Amino acid sequence: SIANWAEAHKPDLVLLHLGTNDLFQKQSIETTLTDLRQIVGVLREKNPAVLIILAQLIPADPKDQYLKEVSEQIPLFNAQLPDLVTSLNNDSRYPDSQVVLVDQNTGFNPAKNPNSVVGQGDTYDGLHPNKLGEAKMAQVWFEAIMNEIVIPLPVELHSFKGMATQSGVQLDWETASEQDNAFFEVQRGQSATEFGAIGRMEGAGTTSLPQSYT
């Protein structure tokens, strides 16, 4: 399925949280790591520049006898992932594809909490995240994506506001610092996807002093 999905969608970014089911079905850690390596290989074949964010697995509830064995295997599996990531990133065939490891395990409480009561656990059955667990996982994914994809702007914005006037809208903003900033371009759009330039202000170049614009 992964090969078909990757062929159909050619993803630039993939989030992987895989291995729990394999370990639960008593597959060895070594074989599960091999499977992960093969999955990364398939994704890279479809897009040699794909960014893959690979998770250390959330824990299983050790108090549940049905989950006790997998709860003991998950930390051992997670401990092997840094070496796997290093190996994958040293693959000279895919210099433009990076694998980033994120920790979905730390701070996740696998206690059963089917009603998502705050402070009582992050799973509904000891293994799968409830709404609280989903939110925790989403935050970890979000921070990883922001760290890897978002390119910092050359301007540190201190404030920005717009005020309606009789002649139109007045925009005021202040920067805390600027780096090689040639200009600001003000754009306006009637939709969330199409914008047109309506104004341009010269920037201050490079400065660490506050600058005000209107």
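Guide: What follows starts with the model itself, then turns to the pocket and to some individual residues. The model is predicted. Its protein chain has an average pLDDT of 94, and 99% of the residues score at least 70. Where pLDDT is low, predicted coordinates should not be read in detail.

The largest pocket holds about 280 Å³ of space. Its lining is made up of 15 residues, and those nearest the centre are His-17, Leu-18, Gly-19, Thr-20 and Asn-21. Two elements, helix 2 (20-24) and helix 3 (29-46), each give two or more residues to this lining. Helix 3 gives the most, with four residues. By type, the lining residues are seven nonpolar, six polar and two charged.

One of the residues nearest the centre, His-17, is also touched by Gln-56. Gln-56 belongs to strand 2 (residues 51-56). With a relative accessible area of 15%, Gln-56 counts as buried, because the cut-off is under 20%. Further along the chain, the contacts of Gln-56 include Asn-78, Leu-81 and Pro-82, as well as Leu-101, Val-102, Asp-103, Gln-104 and Asn-105. With Asn-78 there is a polar approach too: the side chain of Gln-56 comes to 3.1 Å from the backbone oxygen of Asn-78.

Leu-16 is part of strand 1 (residues 13-16). Leu-16 is buried as well, at a relative accessible area of 7%. Among the residues that Leu-16 touches are Ile-39, Val-40 and Leu-43, then Ile-52, Ile-53, Leu-54 and Ala-55, and also Trp-141. As for distance, Leu-16 and Asp-122 are separated by 106 residues in sequence and by 19 Å in space, C-alpha to C-alpha.

Two further residues deserve a mention for their backbone angles. Most residues other than glycine have a negative phi. Ser-116 is not a glycine, yet its phi is positive, about 55°. Ser-116 sits in the loop between strand 3 (99-103) and helix 5 (131-149), and is buried at 17% relative accessibility. Asp-180 also has a positive phi, near 50°. Asp-180 lies in strand 5 (residues 168-188) and is exposed, with a relative accessible area of 62%.

Definitions and conventions
Residues numbered from 1 in each chain as written. Predicted model: local features only at pLDDT ≥ 70, side-chain atom pairs only at ≥ 80, totals over all residues. Heavy atoms only, no water. 1 Å grid on protein atoms, 1.4 Å probe; cavity = no way out; pocket = protein on both sides within 12 Å on 5 of 7 lines; lining within 4 Å. Points joined across faces, edges and corners; volume = space filled by probe spheres on them. Nonpolar A, V, L, I, M, F, W, Y, C, P; charged D, E, K, R; others polar. pLDDT = per-residue confidence, 0-100. Buried < 20%, exposed > 50% of the residue type's maximum accessible area, 1.4 Å probe, protein only. Polar contact = N/O pair within 3.5 Å; in protein donor to acceptor, adjacent residues only side chain to side chain. Contact = heavy atoms within 4.5 Å. Lists of a residue's contacts leave out its neighbours within four places in sequence.
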